[in-house]
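My entries follow in the order in which I looked things up.

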Amino acid sequence: MTGEQRHYLWLAVVAALAAAVPLVTDNDFHLRVLFLIGVNYIAAAGMNVLVGYTGQKSLGHAGLFAVGAYTVALLTARWGWNPWPAFVAAGVMAGLFGIVIALPALRVKGPALAMVTIGFGIVVEKIVSEWQDVFAGQQGIYGVLPLSIGGTMFSSRHWVWFVLLLGVALHVMLRLLLRGRFGRAFMAVNTAEVAAESVGISVYRFKVLAFVISAVTCGLAGALIAQQNQYINSDFITFNLSVFILLMVLFGGHSVYGPLLGAVVLTLLDAFLSRWPGVQHFTYGALLLFALYAMPDGLAGFVKKMARQWAPGLLPAEPLPQQLAPWRPRGEATAEEMLLEAQGLYKAYGGVVPTNGVDIRIRAGHVHSLIGPNGAGKTTLLNILSGIVPPDRGSIRFNGRDVAGLPPYRIARAGLGRTFQNLKLFAGMSVLDNVKLGLHAHIPTGFLGSLLGRGGGAERAARDEALQILDALGLKDKAQEVAGSLPYGVQRRLELARALATHPRLLLLDEPAAGLNPQETQELAQVILRIRDLGITVLLIEHHMDLVMAVSDHVIVLDYGQKIAEGTPAHVQSDPRVIAAYLGPQAGKEDEEEEEEGGAHAR
Ligand SMILES: Nc1ncnc2c1ncn2[C@@H]1O[C@H](COP(=O)(O)OP(=O)(O)OP(=O)(O)O)[C@@H](O)[C@H]1O
């Protein structure tokens, strides 16, 4: 039995057991607790995409819960809508609110989202409690229509079965989404934003998407509560509810099972402690601290760790294909094409001008090197070319397009791959997933396709290609290891594999030999030449002159942000300005004088 089949078997068993409970008890309290577990799971499952996968914190999701709850209340009790379309409208409305909050809040980095969501939660709380004419404050809206089938309103049992069905459907869809390119992209955004952009992922869009998913599920949870109670008032919408939703995810842990564990444990605890509200709040605070310090990966992470340690057979590694065709990049460059032409690039940070009117031309099919003393502006130039740093002035034409000022993910999608001076791997993910992330822009499955499980073929093709790339770089055996646990030299090679997976026409390598031993540096030279032979153009920043001289067709020299020389390795090596830049002006002068003297003697 495959892991996938085993998962669905377990899901069917757990769902059947949960569905059987209402058949053996008609105790209203027990059925209500089961219903609340389902509702809380629905809210937490979406929140997990935002908090667990994408790493964004929100403390205002009670506001989105309120949007769902009051949408069904107003539509059914005031305007007489059928409860089913009202329920759908609640999810849509919460999603729209999610977009409106996320678009401005996620433009800025840092804790902006947490601040904006706290503000949103407080504003909604105030509106529903004080705008009496519409929301009826504490008195609340009565007569909210519950869901019904064939004119029969849902009983307590029906509600349990309905949330169970909805919960299972949500679990299956989110699992399909999170196991594919979307899940990897959410995690990449969480781990290393700059690296995510470098493989063609729009960090902003993925954060907004995660927020909207969480908004929709919280809105649906609010609608379920309002429809089941047939009533909603402002007492439901509190800051405590926002904390509770966040806590379920932090406590449960950011695997697809985390929200379920969080919802079960915390709903039972909530029911148990409801008689002592003072103790309840204290317990949540203590649990939050416990979750943050003792179980950084939550209950699900803790269970997984224990399972790995005590019963490794329960978590078998996915079998990988052994026979692989050699990897070949798509879309080869023609030999004489000018792949990149940049003119007048200028960037200043106050008085420091790391890029000062630089022109460069990169010919397809060659290895170009960018050298210069420390602080000459090499990395800044690479960052400008790859979009991480927008230039103050200047133009860049790459692969037939003007790319100056475009965001890095769009430049990556135009065919520019890169590695980083300070490694930027997705350290907590597997080696294979790191390379699959490189292929992100080349996996055609869209959002709906992923939710509905249509991405299987594309995923397998991506896995096979990622393995081919790993094989080409001698890393296939490490495919299932965690990237961050590998030796430094292997991590560097993995970053190169990930960059190759983006199908670059131009590959920028920022000091790829930094930290490598002589043997690894020699191997790197061979790898760079092989990459060139595959038709991929390379721009290399390196301090190891042996490596530069061994692999380069063309060398560009920067000093104080300006290009001071370029040409063949032999040409720049003997250029007095280059010698002066590296050894000091005196050395350059002496050299020039010697040259002149030599010339005079010769004359
Ligand atoms: N974001 C920034 N803010 C202020 N100064 C910066 C910034 N980025 C780079 N600089 C400055 O610009 C200059 C060039 O830096 P850059 O990292 O591009 O040089 P480099 O040639 O890559 O150096 P190295 O070989 O040491 O990596 C340095 O003086 C650096 O301090």
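Entry 1, helix 11. I looked at what comes after helix 11 and found Gly253, whose phi is positive, near 100°. Helices here are DSSP runs of H or I with at least four residues, strands are runs of E with at least two, and both are numbered from the N terminus. I note that this is a predicted model, in which local features need pLDDT of at least 70, side-chain atom pairs count only at pLDDT 80 or more, and totals for chains, interfaces and linings use all residues. Residues are numbered from 1 along each chain as its sequence is written.

I then checked the length of helix 11 (residues 239–252). The expected span is 1.5 Å times one less than the number of residues. For the 14 residues this should give 20 Å, and the end C-alpha atoms are 20 Å apart, which agrees.

Is helix 11 enclosed or open? I counted a residue as buried if 20 or more other C-beta atoms lie within 10 Å of its own, exposed if 12 or fewer, and partly exposed in between, with C-beta atoms placed from the backbone. Of the 14 residues, 10 are buried, so helix 11 is largely enclosed by the rest of the structure. Among them are Leu241, Phe244, Ile245 and Gly252.

Strands of a sheet pair through backbone hydrogen bonds, either parallel or antiparallel. I found four strands in an open sheet, in the order 6-5-8-9, with antiparallel pairing. Strand 6 (352–363) and strand 9 (401–402) are the edges, each pairing on one side only. Two strands count as paired if DSSP finds at least two bridges between them.

I traced strand 5 next. Strand 5 and strand 6 are antiparallel over eight bridges, and they form a hairpin with two residues between them. Gly350 in that turn has a positive phi of about 60°. On its other partner, strand 5 (residues 338–349) is joined to strand 8 by five bridges. Ala342 stands opposite Ile360 in strand 6 and opposite Ile396 in strand 8. Tyr346 has Arg393 of strand 8 as its bridge partner.

Where does Ser386 sit? I found it in the loop between helix 15 (378–385) and strand 8 (393–398). Ser386 has 26 other C-beta atoms within 10 Å and is therefore buried. Leaving aside neighbours within four places in sequence, its contacts (C-beta atoms, placed from the backbone, within 7 Å) include Ser198, Pro408, Arg418 and Leu508.

Strand 11 runs parallel to strand 10 (residues 416–418), joined by three bridges, with Gly417 opposite Leu507. Strand 11 also pairs in the parallel sense with strand 12 (residues 537–541), over five bridges. There the bridge partner of Leu508 is Leu539.

I compared helix 17 (residues 431–438) with helix 19 (residues 456–472): their axes come within 9 Å and cross at roughly 105°. Axes are lines fitted to C-alpha atoms, for helices over the stretch in contact, and angles run from 0 to 180 degrees between N-to-C directions. Helix 17 and helix 19 are therefore roughly perpendicular, a word used for 65 to 115 degrees, while under 35 is roughly parallel, over 145 roughly antiparallel and the rest oblique. The contact includes Val431 and Leu432 of helix 17 and Ala462 and Arg463 of helix 19.

Notes
Contact = placed C-beta atoms within 7 Å.
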